Amino acid sequence: MTDPDTLDGHTIEELSDYLDAGREPRDESIENSPGCQIALESLARLRASTWAVLEAEAQATPADDAWLGRVMAGIAREAHAGRDIPIAAPDERVTLAVTEGSVRGLVRAAGDGVGGALVGSCTLLGDVTVAGEPVDVQVTVSVAFGENLREVAQQIRERIAATLALHTELEVRDIHVTVSDVHPVAKPAGGGV
Amino acid sequence: MTNDELELSRQLTSLVRSLPGVHDVYTTGGLVAAATMAVTNLFDDEARVAVEGGRVSASIAVAAGFSAPDTLRATSAAIAAHLATAGRTDEIAVTASRIE
């Protein structure tokens, strides 16, 4: 039985430590797991963009520590393969699909970094296993302080729509972007600004 | 898998890995399947495409810059062509488990 709290047997904390160690020594059970790979990519983006800021903020205000934990848990939860989303096949003996986890990874990648945004969660609402069924995408994001929230939300919506159109055949009815948090702007390495 | 299926799996894994747009091929069935295969001495890292009971299953990562649907269709077409040379008409399932 699959453990919902782990990705192919690895917790998000283990994956975070593995990333810290420069992915050395190489762990085949992580490198050969698509779910772990999706989570590692999300964690790497998280750190590259806002990790230092969020970590400092979390230390300053304990309430934010819980939010960070939720983001990390969301990454782990959403990287699971989930449902199979059908792709039109050339004949009836062929079945093609993209996993829900891979699509959530795409959505997260599309949203991360837009206006310093960080995707907190991504949910595909509707029966994605049936071709042609309308699907809504629900995303929560944290946006960098000072950004125009409406513009950032619109940019994220457009990027998600473009990536879903390229990589899936989902009938996307609506993309809901909710700004659930605002975080400080990351200072460039070396300080100054 | 029989020995013939294992050899076919190796051929198909190599074929799928070489296709444009395919970044990686994963063990079908995830790590539970891989662990089971390891215990039963059936695990072969070069045989990741499952061939069993008239069905061929592949799980792939789609490379950046490639469309997932196009890559999936090209992969299934390449598998079908390879099977045809052996006179086989297995069902084919290809899943994109990760998209870069």
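Guide: Two strands pair if DSSP finds at least two bridges between them, and helices (H or I, at least four residues) and strands (E, at least two) are DSSP runs numbered from the N terminus. In this predicted model, local features need pLDDT of at least 70 and side-chain atom pairs count only at pLDDT 80 or more, while totals for chains, interfaces and linings use all residues. Residues are numbered from 1 along each chain as its sequence is written, and chains are lettered from A and ligands numbered from 1 in the order in which they are written.

Visitor: Which residue stands opposite V139(A) in strand β4 of chain A?

Guide: That residue is C122(A); strand β3 and strand β4 (residues 134–144) of chain A pair in the antiparallel sense, over seven bridges.

Visitor: Why is strand β3 of chain A largely enclosed?

Guide: A residue is buried if 20 or more other C-beta atoms lie within 10 Å of its own, exposed if 12 or fewer, and partly exposed in between, with C-beta atoms placed from the backbone. In β3(A), residues 118–125, six of the eight residues are buried, so the rest of the structure largely encloses this strand. Across chain A, 38% of the 193 residues count as buried.

Visitor: How many bridges join strand β2 of chain A to β4(B)?

Guide: Five bridges join β2(A), residues 94–99, to β4(B), and the two run parallel; V94(A), for instance, has I92(B) as its bridge partner in β4(B).

Visitor: How many helices and strands does chain A have?

Guide: Chain A has six helices and five strands, which follow the pattern α-α-α-α-β-β-α-β-β-α-β along the sequence.
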